[in-house]
Amino acid sequence: MMMLLGCGSSGAGGPAANSAEAQQFYDRLFTPPTPGGAEEIRWNTFIDGLVADGVWAKLDALNLWFAGANEGDCHVNLIQSAYNTERYQTAGVATYTQGQGYSGGAVNKCIASNFNPFSASGAKFTRTDASFGMLIYSTATLNVAAVNDGVRTGGGMTQLYHTELWPKYNTTIGYHNCNGTEETFPAPDASADSSGFYIVQRTGANAAAIYRNDMVTPVDTSTSASTALVDSEIYYQCAHSCRMAFIGGSLTEAQRIAFKSRLQTLVTAISGVFP
């Protein structure tokens with residue numbers, strides 16, 4: 001991918017130098033923020049905050065589809081040059097809306113992460129220490145996975161369910177899984193709402209949980225045994241309206257709270273409303 005170089009520092013009287021974490025991201029954008037401008041200040045606050053919170057160091061991929069200056073930039077992984085997301089479509093296309101994200105997807109018109117836990121070198125996402133999540137802003141989408149893992153085929157992505165989030169399988173339950181056994185959790189707000197910031201994570205060989213908006217109390221916990229990582233790619237169907245997604249190691253309570261707070265501030269500034 002051809003990128004333009006950003007310039008985060010200047011001489012006396014100019015904007016202060018950006019952090020290394022922020023600058024490496026700007027250097028990979030087609031349209032980097034103006035040095036010293038409001039957009040760069042907003043990005044710096046978000047990125048440097050995640051670094052200070054200890055969240056940044058836990059992540060393999062952080063893709064903010066709502067925040068790109070264009071669709072190309074919305075796929076750039078903030079954390080590192082690997083694992084930029086991309087459209088994978090064999091029939092139809094998911095809808096991209098600048099400032100909002102993706103909607104209207106399916107297994108044959110999804111967003112692929114390019115992250116395979118089985119083969120990713122040096123990944124924070126491991127068999128017994130892993131997390132993934134998504135910010136969804138649709139009100140109700142039944143019987144569709146938001147996050148899954150699978151293999152690219154001529155007809156779309158297969159569904160393997162080792163990495164899995166179904167916010168609303170039906171009006172009473174959803175499904176989650178992170179390197180273990182598929183588990184149910186109470187579907188949010190009956191049939192009215194499936195929006196929110198979801199984190200699914202595994203913190204040990206027999207410990208997993210899912211959080212939705214409340215980053216302290218899990219919606220459900222699981223003692224299912226961890227299973228070996230499978231040769232498959234994490235992907236996002238985006239049938240729900242989705243603003244962002246992330247992949248990495250497990251997060252502490254303090255990190256989950258900070259992550260949501262900083263994300264909420266950025267989303268509200270760009271999209272106008274959270275989630």
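This is a predicted model: local features need pLDDT of at least 70, side-chain atom pairs count only at pLDDT 80 or more; totals for chains, interfaces and linings use all residues.
I count a charge as sitting over a ring if NZ of Lys or CZ of Arg is within 6 Å of the ring centre and within 35 degrees of the ring normal. With that in hand I looked up Arg256, which lies over the face of Tyr211, at 3.9 Å from the ring centre. I also found the charged end of Arg243 over the ring of Tyr137, 4.0 Å from its centre.

Next, the cores. I find 32 residues in the largest nonpolar core, and Leu62 and Leu64 have the most contacts inside it. Among the elements that each supply at least two residues to this core are helix H2 (38–53), strand E1 (59–64) and helix H4 (253–271). A second, separate core has 30 residues, including Tyr102, Ala120, Val147 and Cys242. Back to Leu62: I listed its contacts beyond four places in sequence, and they include Phe46, Leu50, Val76, Met244 and Phe259.

Then Phe132. I located it in strand E6 (residues 130–136). Phe132 counts as buried because its relative accessibility is 1%. Among the residues Phe132 touches are Phe125, Val147, Cys178, Tyr198 and Phe246.

Last, the aromatics. I get 13 aromatic pairs in the structure. Phe25 and Tyr26 make a tilted pair, because their ring centres are 5.9 Å apart and their planes sit at 50°. Both Phe25 and Tyr26 are buried. Tyr169 and Tyr175 have ring centres 5.1 Å apart and planes at 80°, so I logged them as edge-to-face. Of these, Tyr169 is partly exposed at 34% relative accessible area, while Tyr175 is buried at 18%. I also noted one aromatic cluster formed by Trp65, Tyr96, Tyr102 and Tyr236.

Technical notes. Residues are numbered from 1 along each chain as its sequence is written. Side-chain values use heavy atoms; hydrogens and water are left out. A nonpolar core is a set of buried Ala, Val, Leu, Ile, Met, Phe, Trp, Tyr and Cys residues joined through side-chain atoms within 4.5 Å. Buried means under 20% relative accessible area, exposed over 50%, partly exposed in between (1.4 Å probe, protein chains only). Helices (H or I, at least four residues) and strands (E, at least two) are DSSP runs, numbered from the N terminus. Contact means heavy atoms within 4.5 Å. Rings of Phe, Tyr and Trp (its six-membered ring) pair if their centres lie within 6.5 Å; planes under 30 degrees apart count as stacked, over 60 as edge-to-face and the rest as tilted.
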